[in-house]
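Reader: I would like a close look at one part of this model. Please take the charged side chains and how they pair.

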Amino acid sequence: MKRWLLTLCLAAGAAVHAEPYTGPLFDAHLHYNDEAQQPHPLPDVLGRMQRSGVHAIVANSRPNDGTRTLAGATAQTRAAGVTVVPFVRLYRNRADYTGWFKDPTIHEMVLRELAQGTPAGPYRGLGEFHLYDSANADGPVARSLMQLAQQRELAVLAHVDDDAIDRLMAHAPNAKLIWAHTGIGGAPVARVRALLAKYPTLMGELSYRPGLTDGSGRLSAEWKALLMEFPQRFLVGSDTWVNARWQGYEALMAEARRWLGDLPPEVARRIAWDNGATLFGLPR
């Protein structure tokens, strides 16, 4: 009994005193929207990434001009040690959030962007997009863009619920789908686990995920178990969708480093950097 109590106390002490993860970060969910660019010009945002130890980003912006700005700043990003992985976002303006899935001009815009590419190279994915009603995952443009992504081996970043994951994957079973926030509505861990088991190319991005951490910012027990079970299937992100997220960027990344520190070092490194690097062909 004494040995069991000692082991338990030591384990609890190790959890309390776990050191934050200190390795590189791949921010797999970053926006540089039009309203961010004046208050947060390039030197500002790159400085925030550099101070946070972020060495690569998935850039997707409303409109896509922001992503092209980041992708075109090759000298500045190189100096900051940041690789830009550009995505085509489906939004020209805020009005597109609610109707893109049935708007053929969105599909046409995506094709133009893909043909044009960026100074950092070709676009590597589509999104982020939102579906506020999961039934809209069956919209004609949602279906055609999922199929396009599968055909061209593009990743897709989708802010959707768990029902929409099933619907989107039905259109393109081998698509590389990144589930933004791994269900911001709070799909139970058991449901997340079942979807990961069902779809081998599904990955979960962890910004804003309810229940990921406890009140102290430490990794919750059920999420730690899930991350340990599927260490190759998760990514970290900032989701700088409003300027307040840019203003708190360093704090957001520090929060991620804190809960990553609750994982074994090799698992933390995989989720923080290796999974994104592998997905997009960056050096590990």
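Author: A definition comes first. A residue is buried under 20% relative accessible area, exposed over 50%, and partly exposed in between. By that scale Arg 167 is partly exposed, because its relative accessible area is 27%. Keep in mind that this is a predicted model.

Now the partner of Arg 167. Its side chain meets that of Asp 138 in a salt bridge, at 2.5 Å from N to O. Arg 167 sits in helix α7 (residues 162-171). Asp 138 sits in the loop between β4 (125-130) and α6 (140-152).

Helix α7 takes part in another pair. Arg 191 forms a salt bridge with Asp 162, and their closest N and O atoms are 2.7 Å apart. Arg 191 belongs to helix α8 (residues 189-198), while Asp 162 belongs to helix α7. This pair, too, ties together parts 29 residues apart in sequence. Arg 191 is partly exposed at 26% relative accessibility. Asp 162 is partly exposed at 23%.

What lets such pairs form? Side chains of opposite charge can pair when their charged atoms come close.

Next, a pair within one helix. Arg 68 and Asp 65 meet through their side chains in a salt bridge, 2.3 Å from N to O. Both lie in helix α3 (residues 65-72). They are 3 residues apart there, so about one helical turn separates them. Arg 68 counts as partly exposed, with 21% relative accessibility. The cut-off for buried is under 20%. Asp 65 is partly exposed at a relative accessible area of 42%.

There is also a network. Salt bridges link Asp 34, Glu 35, Arg 62 and Arg 94. Across the structure there are 20 salt bridges.

One contrast, away from the charges. Ile 184, Tyr 208 and Trp 241 make a nonpolar surface patch of about 280 Å². Trp 241 lies in the loop between β8 (234-235) and α10 (243-247). Its relative accessible area is 44%, so Trp 241 is partly exposed. Patch residues need over 30% relative accessible area and no salt bridge. Trp 241, at 44%, is over that area cut-off.

To recap the pairs: Arg 167 with Asp 138, Arg 191 with Asp 162, and Arg 68 with Asp 65.

How values were computed
Residues are numbered from 1 along each chain as its sequence is written. This is a predicted model: local features need pLDDT of at least 70, side-chain atom pairs count only at pLDDT 80 or more; totals for chains, interfaces and linings use all residues. Side-chain values use heavy atoms; hydrogens and water are left out. Patches are made of residues with over 30% relative accessible area and no salt bridge: like charges are joined within 9 Å, nonpolar side chains (Val, Leu, Ile, Met, Phe, Trp, Tyr) within 5 Å. Accessible areas come from the Shrake-Rupley method with a 1.4 Å probe; for residues, only the protein chains shown count as cover. A salt bridge is a side-chain nitrogen of Lys or Arg within 4 Å of a carboxyl oxygen of Asp or Glu. Helices (H or I, at least four residues) and strands (E, at least two) are DSSP runs, numbered from the N terminus. Buried means under 20% relative accessible area, exposed over 50%, partly exposed in between (1.4 Å probe, protein chains only).
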